[in-house]
Amino acid sequence: MAEAIVFWTLAVLILGLGVMVISARSAVHSVLFLVVNFLLVAVLYVTLNAEFVAVIQVLVYAGGIVVLYLFVVMLVNLKKAPERYADPRRIAWTGTLLAGAVLAEVIAIVYASVSSDEAGAAGGGFGADTPFAECGAGPLVSCNTEQLGWVLYTSYLIPFELASMLLLVAMVGAIVLAKRHL
Amino acid sequence: MPAGFTVDDFYYLLPEILLTGGALLVLVVDILLPRREWAALGMTLFTLTLTGAAVIGFTGVDTTISAGLLAIDGFATFFKTVVIVSALLTVLMSPSYLRVEAVRPGEYYFLILCATLGMLFMASGVDLITLFIGLETMAVSFYILAGYLKPNQRSNEASVKYFLLGAFSLGILLYGMSLLYGETGTTTLAGIAEALAGGERSLTLALALILLVAGMGFKIAAVPFHMWAPDVYEGAPTPVTAYLSVGSKAASFAMILRIFIEGLPGLVADWQVLFWALAAVTMTVGNIAALTQSNIKRMLAYSSIAHAGYILIGVVAATERGVAAAMVYLWVYIFMQLGAFAVVAMLRRKDVIGDELKDLSGLYLRKPLAAVAMLIFMLSLGGIPPTAGFMGKLWLFSAAIESGLVWLAVIFVVNSVISLYYYYRVVVFMWLKDEIAGSEIAVSPAMATALVIAVVGSLLFGVYPQVLFDHAQVAADMFGSAVSSTAALQ
């Protein structure tokens, strides 16, 4: 029951945000809706016990690709920025606040990981509380990432290698098409 | 060694490994060696020949490797040969065209080889993920190749259009695949066939089927998913257009036959209906739209749409004979279609783009041999004996009749007659109009080789088709048993 509630809430939110992405007037707003959309999809993956895909979703889509989108949107300058955002003092304040928040976050993460290291001192080293060794035949729920890696590098090795050629093609293509004179 | 993966797998992957290594070497050779144009061309031809030899070396082998993801069988070998022969012809018609367009050859050949690599995987994949990555490798290479003429706006337009619609269609295809996976719990075609052997139906399966047909329909440019084809074919560099209309189509048909006949034999009655409608509409719309074109590349684009409709008849028949007929037709199609595009590529000079029908006028006076070659390609595309196109059509026709698809056969014949009009128009321009425009037409040795191979292919398989029939029959055998056994169950 609880699962169903979570799922339907997420589904409605994801679809609603998807509509917002294509209906927002400003391109920047559209991209920001997209970020939230991606994050919610990541939550959906977590509820499906696919932690690895969820992390990748956040790192690659919400992190990498959308930042690129934002860059492109801002570089092509689809819409002139409203006057009030151009106030330099305001930007300085916001910047300081954001930088402070990030700093606090980093300190918190370092502190947390150091204390957890001390707690699990028997294993030693960073992240020693994760039992990698026990994961070989563990249940899907807890060992998602390990099992995915195992399958990817054994049965699916050849498609995996082919994907690397695919990425090389894309890279060569980006250079060929974007560079004026080779 | 981990489960399901052995050293033998690398032995069976020899063609793919050679091709990958060759493609990477082309990139290096292009940078390091002086006279890089010829070095890259030579390396490409060498790689393709070596790969072809390795593929032919596996004739008669029938096994699956890499934990059941890839099949090395007669079917795969047949389609790999088709793809490599078309790549060779494409590469041969490229150097003079690239020189006129003043673009760098190194990355061009690299991308052609990578597209070929993707096609090899599409021919031998028996698993949805492998097939998809092969398809994507091919598609991404073509997106870039279509836009390879950077200062040319039509080329840019072709690239962007193909990319957007291609990405969209891949999304649809993936949706279909994931629904199929959700329904059966496996991505291997054999596993899917087993899971659906009981003949159960559901809404999800129907949706998966429709999405798969639509996604693959985009790739073979079947109506109503053909909108991208004329614009992309017109804007892309002519050799790329040639390869797109032949290699990409052949590999996509290999994938269709694999997925539907090997993976979904239990649903044969359902997808037969979809493909029946697709085939009939594709032939008719393709041929009628081709009638009014004044640009040869657009005309050949619509003609290739129509040919996709013809080949779909073999898929609809879904019998051993139908599969064999589709394979025979694809084999003869590569020679006539590539030959026609080679002539168009030849017409490209410094001062003439050469892709309008009127650019052909007086060709008989200037280059009689090229005009005769073009005549043979047009006759073959129209299906006039004693050309190979006639044999291909005969096989498709008999396969349709054998499976009781009388109406489809009638539509097929009517369409063949309609198509004669626009193929004949090309001949009229070459012989009967004599206003000559533009500078002298030069035929490079590589181009001449390509034309000779295409002419020989278009004629040889028309007068002596037995070898081809035997090969296609052997390759189709495995499918015949799969389909007829399920048909007997129902």
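Asp30(B) belongs to helix α2 of chain B and Arg104(B) to the loop between α4 (74-101) and α5 of chain B, so the pair ties together parts that are 74 residues apart in sequence; helices (H or I, at least four residues) and strands (E, at least two) are DSSP runs, numbered from the N terminus. Asp30(B) counts as buried, at 0% relative accessibility, whereas Arg104(B) counts as partly exposed, at 22%, where buried means under 20% relative accessible area, exposed over 50%, and partly exposed in between (1.4 Å probe, protein chains only).

Residues are numbered from 1 along each chain as its sequence is written, and chains are lettered from A and ligands numbered from 1 in the order in which they are written. Because the model is predicted, local features need pLDDT of at least 70 and side-chain atom pairs count only at pLDDT 80 or more, while totals for chains, interfaces and linings use all residues; side-chain values use heavy atoms, with hydrogens and water left out.

Over all chains, the count comes to 14 salt bridges. In one of them, the side chains of Arg298(B) and Glu234(B) meet at 2.6 Å, N to O. This pair links distant parts of the chain, with Arg298(B) in helix α13 (residues 296-317) of chain B and Glu234(B) in helix α10 (residues 228-235) of chain B, 64 residues apart. Glu234(B) counts as buried, at 15% relative accessibility. Both residues also take part in a network of salt bridges that links Arg154(B), Glu157(B), Lys161(B), Asp231(B), Glu234(B), Arg298(B) and Asp355(B).

A further salt bridge joins the side chains of Arg258(B) and Glu262(B), at 3.0 Å, N to O. These two residues are 4 apart in helix α11 (residues 238-263) of chain B, so they are separated by about one helical turn. Arg258(B) is buried, with a relative accessible area of 0%, and Glu262(B) counts as partly exposed, at 22%.

Chain A has 6 helices and 0 strands, following the pattern α-α-α-α-α-α along the sequence. Of its 182 residues, 22% are buried. Among contacts (heavy atoms within 4.5 Å) between residues of chain A at least 6 apart in sequence, 42% join residues at least 24 apart.

The contact between the two chains takes 32 residues from chain B and 20 residues from chain A. Together the chains bury about 2,200 Å², 84% of it on carbon and sulfur atoms, buried area being the accessible area (1.4 Å probe) that two parts lose on being put together, summed over both. On the side of chain B that touches chain A, the elements giving two or more residues are α2 (14-32), α5 (105-124) and α6 (128-146) of chain B, and the largest share, 9 residues, comes from α6(B). The residues of this side divide into 19 nonpolar, 8 polar and 5 charged, where Ala, Val, Leu, Ile, Met, Phe, Trp, Tyr, Cys and Pro count as nonpolar, Asp, Glu, Lys and Arg as charged, and the others, Gly among them, as polar. Between chain B and chain A the count is 0 salt bridges.

Note on methods: Salt bridge = Lys/Arg side-chain N within 4 Å of Asp/Glu carboxyl O.
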